[in-house]
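Please look over the sequence and the structure before turning to the solutions.

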Amino acid sequence: MTGSARPNGQAIFALVLLVLNTVYASQIFKLGVPFSNGVEPGASFLPIVLCAVLYLAAGRILIAELRNSRSADAPVPSEKSDHVPAIGITGPLIITLLTMGFAAGLERAGYIVTAGAYTFAVALYFNFEDGGRSVRSVIVAAITAVIITGFGWLFFVKLFDLYLPTWIF
Amino acid sequence: MLDLLGGFSTLFTLWPFLYLLGGFMLGLFFGAIPGLTATLAIALLLPFTFGMEVTNALIMVMGIYMAGIYAGSITGITLNIPGAPSGAITSIDGHALMKKGQGAQALSLDAFASSVGGMIGALILMLLAQPIGALALYFRTPEKFSLVLLAVVTVTIVSRGSLWKAIIAMTLGLMISTVGIDPMVPKGRFDFGSYHLVEGIGLLPAVIGLFAVCELLVQATIPARNAMGVAVADMPRLRHRDFIPDLHIVREIGAWLYIKSSIIGVLIGMLPGGGASMASFIAYAEAKRTAKHPSEFGQGSHEGLAASESANNAMCGGAIIPLLTLGIPGDAVTAIIFGVFLIHGLVPGPGLLTQHTDAIAPMFAALFVASAFVMISVIAFGPFYLRLARINRGALYGFIGLISMAGVYASSFSGFQMWMALAIGIFAFALRRFEYPAVPMLMGVILGPYLEKFLRGSMIVSQGDPLIFITSPFSLMFLVMTAVFIWLLRLRPGVRS
């Protein structure tokens, strides 16, 4: 007996891709037939081809991963790949939440406040992670936030004449 | 050619020259820091280009490109941590020389080879761009489709790792490109009832998401001790003059090796999916094959260092040729440069050179002059290069995060595009976590509209007859090249193994 197949991360991700592909495919029906006039490719032609390719490729990866997960040794990523090591997701989660906060706050609180808070928080996270000294990290992050926020305003608004929202009272 | 040489006079005026200098310094900084690349630097610059004149934007991009590719080898030599993948081969012999106490000489030879390679690449670009551009004027929609297909297939099959994952990444990119108005009829697709999606997913959020936001998230997974806080070995105090290359060694390496490696770099650069890493690897292998003492390769060979680094920077000129003349970006950097053109209303491809010589010529000149800057930079900044790897990560990633997100907003005036960049970044992070390559996805986003437009346009012309793609000699040639590349790069290695 080889034991039960335990889906690994690769298989779950392939499954997610298949679900996303199905969501994409659900819209194809609104685009009409793949060949208008019977011969000329229409708006749905390429999306149908792409859906089929993705089902095939993701399906193949899913099956291969399910087979691999039955074997004792999990495959090791090649050294030269861009693979991100499977360590905690706390860091990316914090950065994602901070960036979401920036995106949500920019139009409401304006550039100076949002950018200042965002760069302070991102710098604080990396500084604290680097040194572990909280007081020093806060001071360096605060200086970083002031400089980078000022730099961004100077370049975007003053030098390149692009628009950034200001505080709306 | 004479028109293109006229670009030097524009370049040597105050603002264009300052843009080149600024771009070069930015590229040097980003290229030298492990984890950051020229691609990221140009991606971050993209929002700013909205506020620049097209000539200045292109000049600045060329400065970043040349410096970024060169600087990837700096920390490769000093710390054995290449700042960018392009510096990986150079660091084999470069770091071996460093360990022998010849670090300054290794850095100077590295810069000299980069300079020579970059200049040869820029000259070949100036020589070939107009003839190829003139030839490309004869391409009609079937030829253009076959050419785009060649790029799509080649970029996919040269990706490292699983072919299936590369196919998925390319397909995802092509899918993203189908969102929005249909290229042939005014009809929205895949908008899911949102008016934001009717206008499609812009290139800017795709580039920022795939390269900047994704990199930010990746760096947040890497513990500080594994990132840049590597202890720098004790080194004797170096002076600026220590970074002047030893002419005896340069003569020993020989002019032919520089020229041959540069030509290899240009040819690899012209291939879709080629890139600096492949150029340096092939030139290195060729130099080793013809070397008098191949056993020295890997142990601190001057020839190995010169070959890989000449090819690296010559590749820049080669990669620009298909972009400008055929409208086909071959790698991530040229794909983003493609975006710079589009932002300014210029469409790369046949006719661009003749219609916009005034905008393009300074760009060529910038590539050439930036190559000369490489040599100057090592003499000026060589003693400080070791400190580059010790920059504060908080400041660096705070900067990248802010410039990315605020940049998307400032250039699109759309909060939605900012959210889109974040969503693409998170998705790209997941792709990278599971070893899916990002470059085919970006190429899919960029080439997708063209692939579909040329396919459907050709089929309308031929009234649905697919033979139109093989009755045209150029189209047939591109299709045969596609098949040959698939055989050489994927099928034959599989059969042999």
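The model is predicted: local features need pLDDT of at least 70, side-chain atom pairs count only at pLDDT 80 or more, and totals for chains, interfaces and linings use all residues. Residues are numbered from 1 along each chain as its sequence is written, chains are lettered from A and ligands numbered from 1 in the order in which they are written, and side-chain values use heavy atoms, with hydrogens and water left out.

**Exercise 1. Describe the interface of chain B and chain A.**

Step 1. Start with contact, meaning heavy atoms within 4.5 Å. On this basis, 68 residues of chain B touch 74 residues of chain A.

Step 2. Turn to buried area, the accessible area (1.4 Å probe) that two parts lose on being put together, summed over both. Between chain B and chain A this is about 6,400 Å², with 76% given by carbon and sulfur atoms. In chain B, the most area is lost to chain A by B:Trp164, B:Phe190 and B:Leu402, together 11% of what that side buries.

Step 3. Look for a salt bridge (a side-chain nitrogen of Lys or Arg within 4 Å of a carboxyl oxygen of Asp or Glu). The rule finds one across this interface. A:Glu129 and B:Arg393 form a salt bridge, their closest N and O atoms lying 3.3 Å apart.

Step 4. α20(B) supplies the largest share of the side of chain B that touches chain A, namely 14 residues.

**Exercise 2. Which parts of chain B does the salt bridge of B:Arg432 and B:Glu215 tie together?**

Step 1. The side chains of B:Arg432 and B:Glu215 meet at 3.2 Å, N to O.

Step 2. B:Arg432 belongs to helix α21 of chain B and B:Glu215 to helix α12 of chain B, so the pair joins parts 217 residues apart in sequence.

Step 3. Compare burial (buried: under 20% relative accessible area; exposed: over 50%; partly exposed: in between; 1.4 Å probe, protein chains only). B:Arg432 is partly exposed at 21%, whereas B:Glu215 is buried at 8%.

**Exercise 3. Characterise the salt bridge of B:Arg289 and B:Glu286.**

Step 1. The N to O distance is 3.0 Å.

Step 2. Both residues lie in helix α15 (residues 275–290) of chain B, three residues apart, about one turn of the helix.

Step 3. B:Arg289 is exposed, with a relative accessible area of 62%.

Methods
Helices (H or I, at least four residues) and strands (E, at least two) are DSSP runs, numbered from the N terminus.
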